[in-house]
Amino acid sequence: MQNGEFEPKLVGFLCRWCSYTGADFAGISRLQYPPNLVPIRVMCSGRVDPTFVVKALAEGADGVLIAGCHPGDCHYQEGNFRAFRRYPLLLKMLEQFGIEPERVRLEWISAAEGEKFARVVSELTETVRALGPLDWKGRTAPREDGVQQGKREVANV
Amino acid sequence: MSEKIGVYLCHCGTNISQTVDIAEVARFAETLPNVAVVREYKYMCSNPGQEMIKKDIRELGLDRVVVSSCSPLLHEETFRAACDDAGLNRFLFQMSNVREQCSWVHSDRKKATEKAKKLVAAAVMRVAKHEPLEVRKVPVRNETLIIGGGIAGIEAALKIAESGKKVYLVERDSTIGGHMAKFDKTFPTLDCAACILTPKMVQVADHPNVELYTYSEVEEVSGYVGNFKVKVRKRPRYVDVVKCTACGECVEVCPIEFKNEFDENMSTRKAIFRAFPQAVPNAFLIDKKGKAPCRAECPAGVHAQGYIALIAQRRYADAFDLIMSDLPLPSVCGRVCYHPCEERCERGSLDEPVAINTLKRFASDWAAENGVEPAPRKRTKEGKVAVVGGGPAGLACANELSKRGYAVTVFEANEKPGGMLRYAIPEYRLPASVLDRDIERLEKLGIEIRTSSPVDDPEALLREGYGGVFLALGAQKSSSMGIEGEDKEGVMGMLEFLRAAKEKKLTCIGWKVAVVGGGNSAMDAARTAVRLGAESVQVLYRRSRAEMPAHDWEVEEAEREGVLFKFLVSPVAVLGDGKAEKVKCVRMRLGEPDESGRRRPEPIEGSEFTLDADLIVMAIGQQTDIAGGMEKLKRSKWGTIEADPVTLETNLKGVFAGGDAVTGAATVVEAFAAGKRAAESLDRYLSGKDLREGRDKEIPVAPSPSTEGVKKEPRVREPVIPSIDRVGGFREITGTIAEEDAVREALRCLRCGGCSECMECVKKCEPEAIIHDQLEETVEIEVGTIIVATGYRLFDSSRIPQYGYGRFPDVYNGLEFERLCHAGGPTGGKILTSKGEKPEAIAILHCVGSRDENYLDYCSRVCCMYSLKFAHLAKEKTGAKVYNFYIDIRAFGKGYEEFYKRLLNEDIYFIRGKASEVTAVPEYPEEEGKLVVVCEDTLLGINRRVPVDMVILSAGMEPAEGADELTRMLSLSCTYGGFFMEKHPKLAPVDTPTDGIFLAGACQGPKDIPDAVSQGAAAAAGALSLMDKGVFVLEPVTADRVEELCSGCKVCIANCPYSAIEFDAEKNVSVVVKELCKGCGTCVASCPSGAAFQENFADDQIVNEIEGILLAAKGA
């Protein structure tokens, strides 16, 4: 943020079979996208515990990407459907914390969709850049009326 | 314990170092917790690089290693092995991907370096939490499944089979060979495709280690590398491949023709066919879409489409023979059947149903007129069967059993056989002469009918030496109304009335007739009364017209003949002084619906009235009237005989019963059906087979056929005598249609079933190879490896409308032109236009669909070369002027460029430019009657119009149909255009990301024959190396539980896609079955108490990774 431009910090949870391979494919194809997102490899998008997302946001991330195989293509049959079912609940919870749901995105990216991976990362970077820094501490700090919100150590896994 | 972590940063030549400042990352890494040493090197994956790591492990006592280089999908194994070598558990290693996911995708050096730091920090933090793990080894089975029997699949199969391992080769088509079998010549050598392919096809089929499943599809794949479980669906060929000698006799008699797909629909084939003479397996098959709906709807399962097809071919005797094998009394059935088949006839959705029953009557009457008898029957079976009752059910049973080679005796209580057909169906619908004719024919076929022979005790027949007995006693008593005065003279049961009328025992002296009831027999009674000269005939029915069970046309005919109807009326008493004079009735209203769904009639109080009637016919149903002596038979509460609905067994062993006596009064065709069912049971009973097994398992009903291009045409009408001429007597109302009408009507059939099941092939087939009732079968196999070789399909040229494919008959696609050149093709190898003339000029358009951003982005790789081949063949065979319209000539293979050069000297024109249009609109006189190819010649820079007689579209390749389903089944990925994705584009071209599954041929991308064969062999080598090793090492990524933390909530059990978690009720905890767990970790994410964990993807490892990223971010 030295030049005044805000650079969002993004964490990506990529399933090992489709989306991580898709990200590799973007690399092999030398597609260019913003360097804001740092990937974490998981075996399946179904492995992504919502607390990981909360942990990332609490530790300073401004946005999170969860990416898995397309519905029906899951290497583990239906792990991605589990991720799909948890996602709206997670968003609902984040909204209650006062966090914009646009910061957390779930996408289906196949091993061949290097271009899609690059596009999604670019879009998410721009979306979060427009939203500005997350400021987890500030948002979850006690309110002036004395009511505390988000005080609980949500991310202490 | 404090860890000692070594961090190794790879430059990857300049791949990483030109974007990432490695020295900066190294300085940063040194500041990370527990890092003992940081080193950088040009190529970490090289031997010196690995040695560097090993040395540090040994000398510095490192207990964790991080390598920052390329994707772990590429080199994770390399570095793990290095750790192993140096005595460090291979899972105390973590890799960070700074090439594929950093240096290659970012150009801002500063930002890329920052990201690399985050990646390294994440890996360092993560590896600190790693635990030593043991790998799991699974055995690899010695069998391979190959999906697709084209040249790539054949090559792979032969290679593996030769090594002594078992191969299951599954092919969707009826023959192996794939597209190559359709080709005439192959480029660039111009050797004949069949000459080089067919020996391989035979070799693979004959190989003792190859099990061939043609006409089959892989339906389900489960398991994992080394132990795949595969379900293969074998579609029925309806011909026994082993017995079939491929003599082809069946083809000549088959009446059904379809377009020949093997000739790209440019010729026809029969419903029984083989793809081409060298097909492997060399056996015929029958194209059956399913059971024709007409046959499916017929209670007796009559092969209606079959006799229709034969009538269409004017083979009336054959048609009659087929009907006789289904029905005992064809002329009778052709007159009285209520033909449910016609209601289901698919033609009805276009215009009107085919007049199926009318055609049956035509064939039967034609046979009678021309003295044609059905094929004589031989007695081939030992047993003797007694049938009690000579009505339709009894005769159907006798006919079926005699067809199957049994001796049958029918015992009939009356003076003449025929049952209700003789005594209850009025003469105007069914003349007695017709019935006699049909029954006599049965006698001629060897069925013995003993009339005036009532049977009291069926078991006595068994004692007399009959192997089995079928009771078809009928329902011979009219139900009575149970009202006051119904015993008066002038009140008759429907059956008694109809029988008396038939036997001419009734003379009319001006009756006023009231018929009570609304069924078909009420209509029979009313219309009979009209013919007997009744003064008036009224039908009294307690519900309304809409609820009448009688067929509409029966009611309409009755009305036309002067019958009056009184609806919502019910008789309550017959009045008169000893003799009926009046009927007292009450009016009804319709209440709530009853069990039959019809609204229940309720009397309206005080609405009584009387009407004059001196003859009252009760047509309200029939009852079984079983004579004494049958008391041992178990009966239902309605008095009918109790028989098993499937086998028709009664409580007496060896005694079966069916027809009206079991079901209550029903239709003639239902009685026929019961008789046939009983015959099947008796056949099984007498030959000691299970009575039930496989019964009623039938081939599914065919889907609706396409009516595209079918012209609407009205259905034939039977000749009918005018109603004014009917009432005076009992002349038959309808006549038989004329021969030409019959043929025209038969041609209206849409042939829903594909094969018409006319059974002509069965008659012709000496080795008895035909199995018309063969069912689909699912085979389960277990294999260690899978090779996918599903090939391609040709791009559909009609998607480019300006080229006129499908509009102009002389625009052909590549495969069509292959068939035109082929000696076995539709023209016998002559290149002829659709008018049958030799073309004077031929245009070949390259890149049709391919290299076109509107269709296929990619180059299909084979089209240039096959276009050159076509050019050569066209020139050679026709001497025509040949024009090639190309963008670039891609002659990249061995001998390809040489072939191109050869063509350049063969007087063939090459025009560089993509054709914009093929048109039939002439602009110049020389273009009259020609196809004109319009194109910009990009070398000359001019527009050209080239008039030709024939255009060949060199269409590109797309993935084969069904590739999507396979993608899902095998967890494969697809690249451009939907072709299967290999593990690595250069280094693992036949492997897939799923271990144990390999790719071969055009399913992976467009490919010519030499490349497809190479890949087949390569995939075989991949599979063999896995199987020879015999074990496969699995990643330790399975889930487990910390028992003490598990609360037994079972959430994980519902989340597991593999049902790999069981519940231990005693300990109240869930338990992971390691053998079933595939390691997705979904259960871990769902565990609310933190009891679940996943090896190498534990919560603390991932959390540390998150922290590492964000820690580095804060530092930035």
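**Group meeting: a walk through chain B**

Let's start with one pair of residues: Tyr541(B) has Phe567(B) as its bridge partner, over in strand 25 of chain B. This is a predicted model, where local features need pLDDT of at least 70, side-chain atom pairs count only at pLDDT 80 or more, and totals for chains, interfaces and linings use all residues. Residues are numbered from 1 along each chain as its sequence is written, chains are lettered from A and ligands numbered from 1 in the order in which they are written, and side-chain values use heavy atoms, leaving out hydrogens and water.

Okay, back to that pair. Strand 24 of chain B, residues 536-541, runs parallel to strand 25 of chain B, and 4 bridges join them. For us, two strands pair if DSSP finds at least two bridges between them. Helices (H or I, at least four residues) and strands (E, at least two) are DSSP runs, numbered from the N terminus.

So what order do the strands take in this open sheet? The 5 strands go 22-30-23-24-25 in chain B, with parallel pairing. Strand 22 (491-493) and strand 25 (564-567) of chain B are the edges, each pairing on one side only. On average, neighbouring strands here are turned by 25 degrees against each other, direction ignored. Helix 19 of chain B, residues 494-502, packs on the sheet and touches strand 22 and strand 30 (615-618) of chain B; contact means heavy atoms within 4.5 Å. The direction of helix 19 makes about 90 degrees with that of strand 22 of chain B. Axes are lines fitted to C-alpha atoms, for helices over the stretch in contact, and angles run from 0 to 180 degrees between N-to-C directions.

Next, helix 2 of chain B. Its buried residues are Gly49(B), Gln50(B), Met52(B), Ile53(B), Lys54(B), Asp56(B) and Ile57(B). Buried is under 20% relative accessible area, exposed over 50%, partly exposed in between (1.4 Å probe, protein chains only). What covers them includes strand 1 (5-10), strand 2 (35-41), strand 3 (64-69) and helix 3 (72-85) of chain B. Just after helix 2 of chain B, Gly61(B) takes a positive phi of about 65 degrees.

Last stop: Glu554(B), in helix 21 (residues 552-560) of chain B. Why does Glu554(B) count as buried? Because its relative accessibility is 7%. Setting aside neighbours within four places in sequence, Glu554(B) is in contact with Arg429(B), Asn520(B), Met523(B), Asp524(B) and Arg527(B).
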